[in-house]
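These are my notebook entries on one protein chain. I set down what I looked up, entry by entry.

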Amino acid sequence: MSAAMPQTQPEPLAEQRIASLLGHELLLITGKGGVGKSTVAAVLARQAASRGLRVCLIEMEAVSRAAPLFGAKPPTAEPVEVARNLSL
């Protein structure tokens, strides 16, 4: 499955910050739309999956914002694998 997100290498400091977040359950919440929640969640999910961690990205919205970032159709009631170790 092709991914729509670019595969760029983070800067060393950013890499350390990302690594410190991985392996934890993360919950991104805000009352404002358009602040980058889905983008940040997708980047962290891809980074975690690339390190061999199993990831399930769950969105609690009527319209999926993360699925298109992976080149996938909006998920159904069942998880959809979009990359190795990464499901929506």
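Is Asn-85 buried, partly exposed or exposed? I find that Asn-85 is partly exposed, because its relative accessible area is 22% and the class between buried (under 20%) and exposed (over 50%) is called partly exposed, with a 1.4 Å probe and protein chains only.

Entry on sources. I worked on a predicted model, in which local features need pLDDT of at least 70, side-chain atom pairs count only at pLDDT 80 or more, and totals for chains, interfaces and linings use all residues. Residues are numbered from 1 along each chain as its sequence is written, and side-chain values use heavy atoms, with hydrogens and water left out.

Entry on the chain. I count 2 helices and 3 strands in the protein chain, taken as DSSP runs (helices H or I, at least four residues; strands E, at least two) numbered from the N terminus. Along the sequence the pattern reads α-α-β-β-β. Of the 88 residues, 26% are buried.

Entry on the sheet. I looked up the strand order and found E1-E3-E2 in an open sheet of 3 strands with mixed pairing; strands pair if DSSP finds at least two bridges between them. Strand E1 (55–56) and E2 are the edge strands, each pairing on one side only. E2 and E3 run antiparallel and are joined by 2 bridges. Across this pair, Glu-81 stands opposite Ser-87 in E3.

Entry on the loop. Asn-85 lies between strand E2 (81–83) and strand E3 (86–87). Its phi is near 70°, a positive value in a residue other than glycine.

Entry on Ser-87. I place Ser-87 in strand E3 and note that it counts as buried, because its relative accessibility is 19%. Leaving out residues up to four places away in sequence, Ser-87 touches Val-55, Cys-56, Leu-57, Pro-79, Val-80, Glu-81 and Val-82, where contact means heavy atoms within 4.5 Å.

Entry on the largest pocket. I read about 730 Å³ of space in the largest pocket. Its lining has 25 residues, with Leu-26, Ala-41, Cys-56, Leu-57 and Ile-58 nearest the centre. A pocket here is an open set of points on a 1 Å grid over the protein atoms alone, where a 1.4 Å probe fits, with protein on both sides within 12 Å along at least five of seven lines; lining residues have an atom within 4 Å of a point. Helix H2 (37–50) and E1 are the elements that give two or more residues to this lining, and H2 gives the most, with 6.

Key. Points joined across faces, edges and corners; volume = space filled by probe spheres on them.
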